[in-house]
Amino acid sequence: MGGFDPPYYATSKPLKATTTASVSSKKGRLFFLALILCLCSLSYLFGLWQHGGSATTAAASTKITSFHCIPNANTNTTTRTASETLDFSTRHVADSDNDESLLPNARTYPSCNVKYSEYTPCEDQRRSLKFKRDRLIYRERHCPEKHELQKCRVPAPYGYKNPFPWPKSRDLAWFANVPHKELTVEKAGQNWIRYEGKRFKFPGGGTMFPHGADAYIDDIGKLINLKNGSIRTAIDTGCGVASWGAYLLSRNILTMSFAPRDTHEAQVQFALERGVPAMLGILASKRLPYPSRAFDMAHCSRCLIPWDKYDGVYLIEVDRVLRPGGYWILSGPPIRWRKYWEGWQRTREDLNDEQTRIERVARSLCWKKLVEKDDIVIWQKPINHLNCKVNRKFNRNPPFCLPQDPDKAWYTNLGTCLTHLPEVSNDQETAGGELAKWPERLNAIPPRIRKETLNGITAEIFEQDSEVWKRRLSYYKTVNNQLGQRGRYRNILDMNAYLGGFASALLDDPVWVMNVVPVESTVNTLGVIYERGLIGTYQSWCEAMSTYPRTYDFIHADSVFRLYKDRCEMEDIILEMDRILRPEGSVIFRDDVDILVKIKKITDGLNWDSQIVDHEDGPLNREKLLFAVKVYWIAAASDAAGSTS
C-alpha cells in the first residue's frame with residue numbers, strides 16, 4: 001500500500017481509517033513532510049560546508065586527540081576499531097584561547113641533576129640550617145618558596161630495580177635503590193640491617209630488641225592483648241627502619257612509623273622500600289599531622305625524645321592522638337636503668353630522675369601505669385575524663401585546653417594543655433564512642449558519624465560510599481588488570497581519601513594505603529578513617545609530601561585538581577606526584593574531562609603513558625578517568641659516577 005507509517009509515540013491514539021473525504025488532508029500532510037525533508041537536507045549541506053566541504057575532508061583537516069573507549073565493567077570486553085574511538089578535542093576545550101593546555105606542543109620536563117635523587121623538598125638538609133636548633137625545630141617541615149621549586153623530574157639512582165614483592169620485601173631490599181651502608185656499620189650489633197651482595201637484609205632487630213621484633217612484640221603481647229582486634233592502629237615514634245611496624249602487620253595491626261631525616265641516613269627510606277607504612281616527621285614544635293583519638297597504641301623504643309622536658313609537651317601530644325583506653329609503650333633509657341646505666345654512659349641518679357619525671361607527667365595526664373616488666377613499661381589512657389577532672393582539682397598542671405579543634409594539626413603549634421575528651425554520661429562510657437573490634441570495625445558506622453559530629457555526613461552516606469568504591473575498584477581492575485595481580489603494587493597513596501572507601505575496597509589485597517585528607521577539604525574526615533582502622537595524614541598538595549622519592553607504587557587522585565583549582569599550580573602537584581611515584585608506578589586521575597585534558601598534556605611532557613577512559617557509569621558522565629603509567633628511567637651511569645666523585 002502507498003503512504004507512510006506514522007511515528008510511534010507511547011501516548012498516541014490509533015488513527016481512524018482513511019476515507020475519500022480525507023484525501024485532501026492527506027495530500028497536505030505529504031507536502032508538509034516533503035518541505036521538512038528539504039529543509040533538513042539544506043541544513044546538513046550547510047553544516048558540511050562550514051567544516052571544510054565534506055565529512056572526509058573535515059576529518060582529515062581537524063587536529064583530533066582521540067582516546068580508546070573502555071567498555072563498561074558490566075559488558076563483555078571487545079576490541080574497538082579506530083572508527084569507534086572517542087575524542088574530546090572539539091567538545092571539551094578550555095574556555096580561554098590563551099590557555100597553555102591548548103598549545104599544540106606540550107611542555108617537556110628535563111631530568112633533575114642526579115644529586116636530587118633523594119630530594120625531599122620540605123626536609124631539605126641545606127635549607128634546614130637556616131632554622132633554630134632548639135627543640136630540633138630545624139628538622140621540621142620547611143618548604144621551598146615558589147621561586148625555589150624544582151621544575152624537573154627526580155631521577156632514580158643508577159641500577160634502580162623494582163622492589164621485592166611483599167612479603168619478601170619485609171626482609172630484603174636492593175642496595176641500588178637505597179645506596180647507603182652507614183646503618184650497616186652504625187647498627188651492626190643491633191641487627192637493624194645487613195649488607196649482603198647487592199642486597200640489604202633486615203633481620204628484624206632494633207636497639208632494644210636485638211633478638212628480633214617478633215620476640216619483642218610477643219613480650220608486649222604477654223602484657224596487653226594484641227590478638228582480640230581491640231588494637232588495630234599504632235604509631236611508632238622514632239621508628240628506625242620500622243621493624244616494629246613491619247612485624248605487627250602479621251598481627252593485623254597497622255602502624256604509622258615516623259622519624260626525622262637525620263644522621264640515621266635513609267631510615268624512613270628503608271622502611272618504605274620494605275613496603276612498610278612510614279613518613280618523615282619529628283616531635284618538635286608542631287602537632288603531628290594526625291587527628292585526635294587516632295591510635296590505639298603508641299610506641300617509643302629508645303626514640304631519644306625528651307618526654308620529661310618542656311613541661312611534658314611531647315607526652316601531651318601523644319595523649320592527643322591516643323584513643324581513649326589506648327596504650328603508650330616505652331622501652332630504652334631510662335627504663336631498667338639499674339641494668340643498663342653503665343652501657344648508656346649516664347649516672348644512676350640521672351636516669352632515676354628522668355624516669356621519675358616521666359612518670360609524673362604521665363600521672364598528670366591521668367594515665368595509669370599498667371605494668372613495668374624487664375625492658376618495657378606500659379601506661380594506659382583513661383576511657384573518659386570524668387574521674388580525671390575530679391582528681392585534678394588540687395593539681396591542675398597541665399590545665400585543660402580552652403575550647404579548640406583537637407583535630408586541627410597542620411602547622412599547628414604544640415600546646416602544654418590537656419585536650420578534652422568528648423563528654424560522657426557515666427564513668428564506664430568511652431568518650432567519643434566505643435569502636436567495634438577489627439575487622440568488623442572497618443565497615444561499622446564510625447562514632448564520629450554515628451554521633452553526627454561531621455557536618456552533612458550520615459550513616460546512609462557512609463554506607464553508600466563504601467558500596468560505590470567496591471564498584472569503582474572492580475571497574476578499575478577491568479581497565480588496569482595489574483591492580484588484580486597480587487604483589488604488583490604494595491605502597492598506595494590516596495590523595496583525597498574522603499571516608500577511606502577506596503582503601504577499604506582494597507582490604508583483601510596485599511597492599512597498604514596512605515589516606516590523605518587535604519587540609520583544604522570542607523569537612524575533616526581523617527578521624528573517621530582512623531576509626532575504621534585505616535591510617536592516613538593531613539596534607540596540602542600545594543606543598544611537597546614528607547616522604548622520599550619513589551615512595552609509592554600506585555597513586556589515586558580523585559577530584560584533587562577540582563579542589564586545588566585557583567589554589568596552586570597543576571604542574572607543581574603533578575611534578576610532586578612524579579617525584580614520589582616509582583618507575584613503572586601507576587596513577588588513576590578521576591576528574592572533570594576538561595581538567596583531565598590539561599593533566600594529560602602535563603603527563604605527556606613527563607613521558608608518562610596515559611589514556612582517558614569513560615566513567616564507570618558510561619560516556620554521558622562528564623567525570624572521566626585518566627589511567628597513567630610512569631615510564632621506567634634511571635640516572636645514567638656516568639651521572640652516578642660524577643655524583644659519587
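Residues are numbered from 1 along each chain as its sequence is written, and side-chain values use heavy atoms, with hydrogens and water left out. Because the model is predicted, local features need pLDDT of at least 70 and side-chain atom pairs count only at pLDDT 80 or more, whereas totals for chains, interfaces and linings use all residues.

**Exercise 1. Work out the order of the strands in the open sheet, and find which strands stand at its edges.**

Step 1. Helices (H or I, at least four residues) and strands (E, at least two) are DSSP runs, numbered from the N terminus, and two strands pair if DSSP finds at least two bridges between them.

Step 2. Seven strands follow one another in the order 15-14-13-16-17-19-18, with mixed pairing, and the sheet they form is open. Strand 15 (536–539) and strand 18 (608–613) are the edge strands, each with a single partner strand, so one side of each has no neighbour in the sheet.

Step 3. From one strand to the next, the twist averages 15°, where axes are lines fitted to C-alpha atoms, for helices over the stretch in contact, and angles run from 0 to 180 degrees between N-to-C directions.

Step 4. Strand 18 runs antiparallel to strand 19 (residues 623–630), and six bridges join the two.

**Exercise 2. Find which strands helix 13 and helix 17 lie against.**

Step 1. Helix 13 (residues 459–479) lies across strand 16 (552–558), strand 17 (581–592), strand 18 and strand 19, and runs at about 50° to strand 19.

Step 2. Helix 17 (residues 570–580) also packs on the sheet, where contact means heavy atoms within 4.5 Å, and touches strand 13 (491–494), strand 16, strand 17, strand 18 and strand 19. The direction of helix 17 makes about 145° with that of strand 17.

**Exercise 3. Check the span of helix 10, and find what covers its buried residues.**

Step 1. The expected span is 1.5 Å times one less than the number of residues, so the 17 residues of helix 10 (residues 348–364) should span 24 Å, and the 25 Å between its end C-alpha atoms agrees.

Step 2. Among the buried residues of helix 10 are Leu351, Ile358 and Val361, and what covers the buried residues includes helix 8, strand 10 (322–331) and strand 11 (368–373).

**Exercise 4. Find where the charged ends of Arg153 and Arg472 sit.**

Step 1. A charge sits over a ring if NZ of Lys or CZ of Arg is within 6 Å of the ring centre and within 35 degrees of the ring normal.

Step 2. Arg153 has its charged end over the ring of Trp633, 4.5 Å from the centre, and Arg472 has its charged end over the ring of Trp469, 4.7 Å from the centre.

Key:
Buried < 20%, exposed > 50% of the residue type's maximum accessible area, 1.4 Å probe, protein only.
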